[in-house]
Amino acid sequence: MEQLKVGIIGAGGIAAKMHLPELQTVSNCDVLMLAGRKQSRLEVLCRKFNVPEWTHNYQDIIDDERINAVAIALPHPLHVEWGIKAIQAGKHVFMQKPLSTSMDEADAFVEETANHNQTVLALPYMSNPQVLATRNYIQDDKLGTISSAQARASHGGPEVYYAGIQQILEEKPSDDLWFFDADKADVGALFDMGVYAIANLVGTVGAVKSITAKLTTVAKPTRLEDTASMILEFENGALGTAQTGWCDAARTYEFSVHGTRGKIVSCRQPKLLSYFYPSSDVDEDLPLVEESIDLSTYPVQNSHQHWAACIRQGIQPPLSNASTARHVTEILLAALKSSRENRTVDIQSRLTIY
């Protein structure tokens, strides 16, 4: 079993909340170095998660021959630049979402991945029990012909998220959020949270052919969108809707898939998956049959455990890979264009996911 020696580029909220805690659950894995801008954060995170070294220079992680795997935990516009550097240095890569805010960068990243043998996991993480179970029900024809699907991923906003992060980082509350800064973040709620809704739809129903979207800013102090709604046309003929935003204080993470024989409904809180189908084909007034889907038969892995398992098998993640991330990126960019130009936008990239 390959011993993973990990370096993390980026010492902000996502490193504190996800990368470092999850990596501690991976067997035969050590985090050797953390790179970031703020010394106070580096010192706190190294102390809390027993990381022996830190640096202000991202290139130190790329150049360190001890490190064979790199997690990219930087702001959106820096993802691809440092992901490609890590791949070219012969390291496995864990790419934070979204992959990019540029199709040229997304294409370059996929090409670089294809030209090397390293394992590259690109979030959002799709190999979770809910997505895998739904895919199996679709493949087993329990839903019949898929006609539509819907997904929503939204929360109360970056300021709520970062209030918890600041506690982890032992920082005083601050209103300085790069998420709201259009020059630093480049994109808003669509890429931050909508990426999860789109990924769930792509992971369960398949590739998207076109999208019509409307984006707006309802309440947050930013030029970027804080709310978005989308209509998607899938390559298999089904239609879907996706919603996202930073103005949902009650938080929503859910999806449903509907077919000619039944439907599946997912809800993150609690983590349930239900299968509904008619009890009669001739009397629609009879109640539906509801079955809770047993998710215990599916592997329970966090995203870093899955990454490590794929590295040790010498494979790319079957769902959360660079090509899928590129497809999701194009969908998100097309949504921005659709809203801006008030029209439907076609998706050019093709993806085989079944």
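Colleague: Is Asp141 buried, partly exposed or exposed?

Modeller: Asp141 is partly exposed, with a relative accessible area of 34%. Keep in mind that this is a predicted model.

Colleague: Which side chain does Asp141 meet in a salt bridge?

Modeller: That of Arg261, at 3.0 Å from N to O. Asp141 sits in the loop between helix H6 (129-139) and strand E7 (146-154), and Arg261 in the loop between strand E11 (252-259) and strand E12 (263-267). The two are 120 residues apart, so the pair links distant parts of the chain. Arg261 has 48% relative accessibility and counts as partly exposed.

Colleague: How many salt bridges does the structure hold?

Modeller: The structure holds 16. One of them pairs Arg47 with Glu170, where the closest N and O atoms are 2.8 Å apart.

Colleague: Why does the Arg47 and Glu170 pair tie together parts that are apart in sequence?

Modeller: Because Arg47 lies in helix H2 (residues 39-49), while Glu170 lies in the loop between helix H7 (158-168) and helix H8 (182-185). The parts tied together are 123 residues apart in sequence. Glu170 itself counts as partly exposed, at 45% relative accessibility.

Colleague: And what about Asp248, which residue does Asp248 form a salt bridge with?

Modeller: With Arg152, the closest N and O atoms being 3.5 Å apart. Asp248 is in the loop between strand E10 (239-245) and E11, and Arg152 is in strand E7, 96 residues apart. Asp248 is buried at 11% relative accessible area, whereas Arg152 counts as partly exposed at 23%.

Colleague: New topic, His155. Where is His155 found?

Modeller: In the loop between E7 and H7. His155 is buried, with a relative accessible area of 11%.

Colleague: What is His155 in contact with, leaving aside neighbours within four places in sequence?

Modeller: His155 is in contact with Asp192, Met193, Gly245, Trp246, Cys247, Asp248, Arg251 and Tyr253. Asp248 in that list is the residue that forms the salt bridge with Arg152.

Colleague: On to helix H11. What should its 20 residues span?

Modeller: At 1.5 Å a residue, H11 (residues 322-341) should span 28 Å. The expected span is 1.5 Å times one less than the number of residues. The end C-alpha atoms of H11 are 28 Å apart, which agrees.

Colleague: Is H11 mostly covered or mostly uncovered?

Modeller: Mostly covered, since 14 of the 20 residues in H11 are buried.

Colleague: What happens at the start of H11, and what just after H11?

Modeller: At the start, a side-chain oxygen of Asn321 comes within 3.2 Å of the backbone nitrogen of Ser323. Just after H11, Asn342 takes a positive phi of about 55°.

Terms used. Residues numbered from 1 in each chain as written. Predicted model: local features only at pLDDT ≥ 70, side-chain atom pairs only at ≥ 80, totals over all residues. Heavy atoms only, no water. Salt bridge = Lys/Arg side-chain N within 4 Å of Asp/Glu carboxyl O. Helix = DSSP H or I, 4+ residues; strand = E, 2+ residues; numbered from the N terminus. Buried < 20%, exposed > 50% of the residue type's maximum accessible area, 1.4 Å probe, protein only. Polar contact = N/O pair within 3.5 Å; in protein donor to acceptor, adjacent residues only side chain to side chain. Contact = heavy atoms within 4.5 Å.
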